[in-house]
Amino acid sequence: MCGIVAYVGSKPCQNLLIEGIKRLEYRGYDSSGIATLHNGKLQVVKAVGRVSNLEDKLEAMGGLAGTVGMVHTRWATHGGVTDVNCHPHIDDKAGIAVVHNGIIENYASLKKLLEEKGHAFHSQTDTEVLAMLIGELYEGDLEAAVQAALREVTGAYAIAVICAKEPNTLVVARKG
């Protein structure tokens, strides 16, 4: 089972997110990652293994600032257990980050369409496809882009999405 914790508020969010995801560790996972927004920039850190490995990376780099963010624990379904395949996944255009539980059943056909439009993929995950699709559809309104992307998706999911261009916005959705 995967876990998602997200926060939008006035307090620095890194420690709130890490404490929240630690409460979900009992569900099982193989990797974790965090994304925050700070000064209009998306910051992402990922780690294979225990949440403590993610904490060690964050401590070594001095932590992440920001009052909007999300954290995820992953149980691999698409792609191996690697830093590249850890969530959050980002698009290549709009500064969008996505965490996702579930399976996007039509990710292969969506990926092919997005590759034909010039998108380059780095992971083996269905989640990166979703991030790229949202980015492709983004026209200044994150909620509208997420809604449009989810109309194209087949499967069951729970997602959280943030965008560097909308620093006080967090969009969440679920199906199934």
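1. Ground rules. In this predicted model, local features need pLDDT of at least 70 and side-chain atom pairs count only at pLDDT 80 or more, while totals for chains, interfaces and linings use all residues. Residues are numbered from 1 along each chain as its sequence is written, and side-chain values use heavy atoms, with hydrogens and water left out. Helices (H or I, at least four residues) and strands (E, at least two) are DSSP runs numbered from the N terminus.

2. Helices α1 and α2. Axes here are lines fitted to C-alpha atoms, for helices over the stretch in contact, with angles from 0 to 180 degrees between N-to-C directions. The crossing is left-handed, that is, the near helix is turned anticlockwise from the far one by less than a right angle (clockwise would be right-handed). Gln14, Ile18, Ile21 and Lys22 of α1 meet Val51, Leu54, Glu55 and Leu58 of α2, where contact means heavy atoms within 4.5 Å. By class, this contact has five nonpolar, one polar and two charged residues. Ala, Val, Leu, Ile, Met, Phe, Trp, Tyr, Cys and Pro count as nonpolar, Asp, Glu, Lys and Arg as charged, and the others, Gly among them, as polar.

3. Leu58. This residue of α2 is worth a click: Leu58 is buried, at 2% relative accessible area. Buried means under 20%, exposed over 50%, and partly exposed in between (1.4 Å probe, protein chains only). Leaving aside residues up to four places away in sequence, Leu58 touches Gln14, Ile18, Ile34, Val45, Gly63 and Leu64. The C-alpha atoms of Leu58 and Gln14 are 9.1 Å apart, although 44 residues separate them along the chain.

4. Helices α3 and α4. The axes of α3 (residues 107-116) and α4 (residues 126-137) come within 10 Å and cross at roughly 45°, which means that α3 is oblique to α4. This crossing is left-handed. Tyr107, Leu110, Lys111 and Leu114 of α3 make the contact with Asp126, Val129, Met132, Leu133 and Glu136 of α4. Its residues are six nonpolar, no polar and three charged.

5. Helix α5. In α5 (residues 142-152), the buried residues are Leu142, Ala145, Val146, Ala148, Ala149 and Leu150. Their cover includes β6 (96-104), α4, β7 (155-163) and β8 (166-175). At the N-terminal end, Asp141 caps α5, with a side-chain oxygen 3.2 Å from the backbone nitrogen of Glu143.

6. Thr73. Strand β4 (residues 68-74) holds Thr73, which counts as buried at 1% relative accessibility. Beyond residues up to four places away in sequence, Thr73 touches Cys2, Gly3, Ile21, Tyr29, Ser31, Ser32, Val51 and Asn101.

7. Backbone features. Most residues other than glycine have a negative phi, and most peptide bonds are trans. Asn39, not a glycine, has a positive phi of about 50°. Asn39 sits in the loop between β2 (31-38) and β3 (41-48) and, at 68% relative accessibility, counts as exposed. The peptide bond from His87 to Pro88 is cis, with omega near 0°; Pro88 is in the loop between β4 and β5 (89-90).

Methods:
Angles under 35 degrees count as roughly parallel, over 145 as roughly antiparallel, 65 to 115 as roughly perpendicular and the rest as oblique. A polar contact is a pair of N or O atoms within 3.5 Å; within protein, one must be able to donate a hydrogen and the other to accept it, and residues adjacent in sequence count only if both atoms are side-chain atoms.
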